Amino acid sequence: MCTAIAFRSRQGDSLFGRTMDFSHPISPSVYVTPRGYVWTNRLRTIRLRSRYGILGIGQDLEGVLFADGVNERGLSAAALYFPGYAAYDSPDTAGDALVIAAVELNSFLLGMCASVEQAAALVRTVRIVGTEDPVTHDVAPLHWILTDRTGQCLVIEKTAGGLHLHENPIGVLTNSPDFPWHMTHLRSFVQLRPEQEEQARWGNMELEPFGQGGGTWGLPGDFTPPSRFIRAAYLKGHIPAPETRQEAMMVGFHILENLSIPRGAVVTSRGTDDYTQYTAVLNTADGSYAVRTYEDGRIRTARLTEQALSGSKAACLFALER
């Protein structure tokens with residue numbers, strides 16, 4: 001599952017937020033990897049040295065794998081599930097191309113790129129392959145959303161049809177189907193608006209609307225990816241742009257509250273709850289990160305600092321307790 005949004009403040013800051021909806025138990029933490037961080041790709045074929053320090057949420061699974069993060073240059077990225085559509089390259093067909101596992105693509109792009117434009121250029125040069133996810137013990141079907149300090153937003157999808165890079169003018173991503181389908185589906189909801197419905201006359205009868213909110217009649221309320229995409233796009237498109245950085249963080253949380261999945265509302269075929277395990281909002285302008293978990297509604301914050309960026313190894317700032 002999962003929902004991600006990218007939005008701007010009136011100050012010009014570019015912000016990014018996501019819900020982490022998952023049906024497997026995870027033990028994520030907030031990590032910093034410094035400039036020059038050396039790591040080995042999942043296939044053990046090459047050692048890489050990151051250009052930029054990263055602050056993000058992930059797990060240390062023989063190296064930090066970031067589910068979402070922001071680097072010191074303001075590039076941010078998140079991976080979301082893309083079942084039924086994701087299709088990766090075979091390592092055997094990579095030739096001389098650099099091979100990057102889907103689960104480590106966030107870490108790779110954030111470590112190497114300063115902008116969405118650079119990330120788009122770099123991802124075209126690599127082979128994205130599937131490897132076993134250490135959490136699910138399966139190949140995770142993923143797609144990715146990126147944004148930077150300019151507000152440019154990009155979706156990366158790897159399908160049987162190849163690599164697809166989609167400009168994302170609405171700044172929203174959920175799960176399957178693919179991003180172009182969601183953008184087409186959005187046109188079915190052009191009638192939604194925040195203003196109240198007017199009184200209507202049917203023949204000799206005058207009909208008064210019930211209370212407020214009549215303009216949102218038909219806004220999907222279920223938890224499927226298409227419905228969450230519409231709901232996120234509507235809310236992001238109609239909530240006034242926040243003034244300050246603090247207000248911007250809170251606006252991100254308020255939008256994502258409407259996409260959050262309570263435990264027990266969605267149950268998988270395995271009999272496990274798929275629910276929002278954490279919600280995070282970050283500001284690409286100053287590298288600040290705010291997160292809260294399902295079990296603890298308090299917002300905890302972290303920030304990229306020069307001390308962390310100039311360190312020699314990955315550092316866990318704090319764990320997201322279950």
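Is C316 buried, exposed or partly exposed? C316 is partly exposed, at a relative accessible area of 44% (buried is under 20%, exposed over 50% and partly exposed in between, using a 1.4 Å probe and protein chains only).

These legends describe a predicted model, in which local features need pLDDT of at least 70 and side-chain atom pairs count only at pLDDT 80 or more, while totals for chains, interfaces and linings use all residues. Residues are numbered from 1 along each chain as its sequence is written, and side-chain values use heavy atoms, with hydrogens and water left out.

**View 1. The cysteines.** The whole structure contains 0 disulfides (pairs of cysteine sulfur atoms within 2.5 Å). C2 is buried, with a relative accessible area of 4%.

**View 2. The largest nonpolar core.** Here 52 residues form the core, and V30, L55, I57, I145, Y278 and V291 touch the most other members (a core joins buried Ala, Val, Leu, Ile, Met, Phe, Trp, Tyr and Cys residues through side-chain atoms within 4.5 Å). Apart from it lies another core, of 36 residues, including Y37 and W144.

**View 3. Around V291.** Leaving aside residues up to four places away in sequence, V291 is in contact (heavy atoms within 4.5 Å) with residues including V30, I57, F253, R298 and F318.
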